[in-house]
Amino acid sequence: LDKAPVCKHFDQLNLIAMASFLWFLFLILFCRENSAQTQSCQLRWQNQTTISNTFPIILETIEDIEPPGKTLITLIGENVEKIASIQPDSIKELLYINATLVGTSIIINLTEHFVDYEKYEIRERIGIRINFQCTTGTRALDVRQPIKDTNNHDPEFENSPYVFQLPMPFPSNFSLDQLGKIIARDLDISQTYLNFSLDPNHEISGAFAISYLEADPNDPKRHFAKLMTTDALNLVNDTTFYIYATDSQEPIRTSNTTVTIRVDNKNSALRFDEPFYSANCSNLRPEEAHGFVLKFEEGDISLRGGIDNETEWSIKDTSKQYDNNFKISVSLNLEAVQISLVNPPGSFFNESSVVLILSVKKVGSAGSTVIQLTLPGRQSSEIPQMSPEQNKCSDSIPVIITLAVLLGIASAGLIASIVLWRRSRASGAAPEIITTESREEMREVERMDSDVSSNGVPRRSVAFNDTVEEIKVAKL
């Protein structure tokens, strides 16, 4: 019965001891914290407002064209011994912002690397972490600087100008980006799309189409274009035209470069520059014919399409009479062709024209062109010579023919009139033709004829008076 009060008293002492220990521990921790606060870094704004050590500070937005060295803000620091280090918050690990300690002022400004900020970064902000060495301990401060994009960069084509070497003919609906990428890079952070276009004034533009393809998933500043043929190409010479890249932000900015389509003759199908060639040999003399090199109105015969020493040539006369009277000579570069005559027979000069087929072929390709020769077209081997007088007569032949035609028409009209007159007389018609024109009067007179067979009967004749009022023609 006596033990119960003793135990109760002992429990009370334990509670008192525990409470005293906790109070003592609280005092120690409080004093230590208060001492640490008085010795650690204290950061304030210019208005003396304390800066939290939990959240980063966010500065006012600046434009991307601000000059390097610009002061962004000045903070007040207490118990700051030095800036131990600065860590950049950027992809390129460049310090676009720096911080310096001058007395109790912490000055934060832009560095010389800020001019390259859009070149390397893809976010519309930059930042740093400042590590301070305090009187007691350390402290870190995160600084964030928002950036406003001003669209101050033109799109730039990469690896331009572009050259595509294509065999001819080349098919339509083929995307040339399979042969080489067309890429334009726009450094402006806010730019997410580019508009690609062709030169509307170039005649080849109708055979192509260009459009936006996609952005590079690893670099959103790079934009791919799709250049496609819309018509089949069969170019003879290299062709160069412009393409354009235009951004989508204000102010609108555009750049251009060239695309060259280079004809790959080595791998192209064999083809002549012209489908038809003509040569005028109408004045060719037989004694000059052997070895005579044909001259064509369309220029020299030329061939494209990967000609080599294994290319086979042939020339055929469509009448099959003069196949062996022509010789083919090819230039050293295998692109220019000459054709000469080889001992043409006399009948060759009696032709008015000869049509030839010049053909060429190699493995996997062939081509041909038509050649027309205008020849003398005479029936003997002698070349007639015309005097100047004959030349003049030959010039008047068209006039003579015209007059002959007119004379024939007039003669036909006269004959028709006589036939009609005889028909009217046979039908007994007695037309009267009355005229009131003033003419010399016709009257009948009698004269003695000297002819013995007249038996003294006077001969009637017609004499003219000064005027005649009226003439009547009666039926005879």
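Tutor: We start with how covered a residue is: buried means under 20% relative accessible area, exposed over 50%, and partly exposed in between (1.4 Å probe, protein chains only). Lys70, at 31% relative accessibility, therefore counts as partly exposed.

Student: What should I know about the model itself?
Tutor: This model is predicted: local features need pLDDT of at least 70, side-chain atom pairs count only at pLDDT 80 or more, and totals for chains, interfaces and linings use all residues. Residues are numbered from 1 along each chain as its sequence is written, and side-chain values use heavy atoms, with hydrogens and water left out.

Student: With which residue does Lys70 form a salt bridge?
Tutor: A salt bridge is a side-chain nitrogen of Lys or Arg within 4 Å of a carboxyl oxygen of Asp or Glu. Lys70 has Glu66 as its partner, and their closest N and O atoms are 4.0 Å apart.

Student: How many salt bridges does a search of the whole structure find?
Tutor: The search gives 11. One of them pairs Glu158 with Arg222, with 3.0 Å between the closest N and O atoms. This pair links distant parts of the chain, 64 residues apart: Glu158 is in strand β10 and Arg222 in strand β15 (residues 219–229). Strands (E, at least two residues) and helices (H or I, at least four) are DSSP runs, numbered from the N terminus.

Student: Are Glu158 and Arg222 buried or exposed?
Tutor: Both are buried. Another salt bridge joins the side chains of Asp219 and Arg185, at 3.0 Å from N to O. Again distant parts of the chain are linked, with Asp219 in β15 and Arg185 in β12, 34 residues apart. Asp219 and Arg185 are both buried.

Student: How do strands make a sheet?
Tutor: Strands of a sheet pair through backbone hydrogen bonds, either parallel or antiparallel. Here, two strands count as paired if DSSP finds at least two bridges between them.

Student: What pairing does the open sheet with the order β11-β17-β16-β13 have?
Tutor: Its pairing is mixed. Its edge strands, β11 (162–166) and β13 (194–198), each pair on one side only. Five bridges join β11 to β17 (residues 254–263), and these two run parallel. In β17, Arg262 stands opposite Gln165.

Student: And how do I read a polar contact?
Tutor: It is a pair of N or O atoms within 3.5 Å; within protein, one must be able to donate a hydrogen and the other to accept it, and residues adjacent in sequence count only if both atoms are side-chain atoms. Take Asp216, which is placed in strand β14. With a relative accessible area of 11%, Asp216 is buried. Its side chain makes a polar contact of 2.5 Å with the side chain of Arg222, and the side chain of Asp216 also reaches the backbone nitrogen of Asn218 at 2.9 Å.
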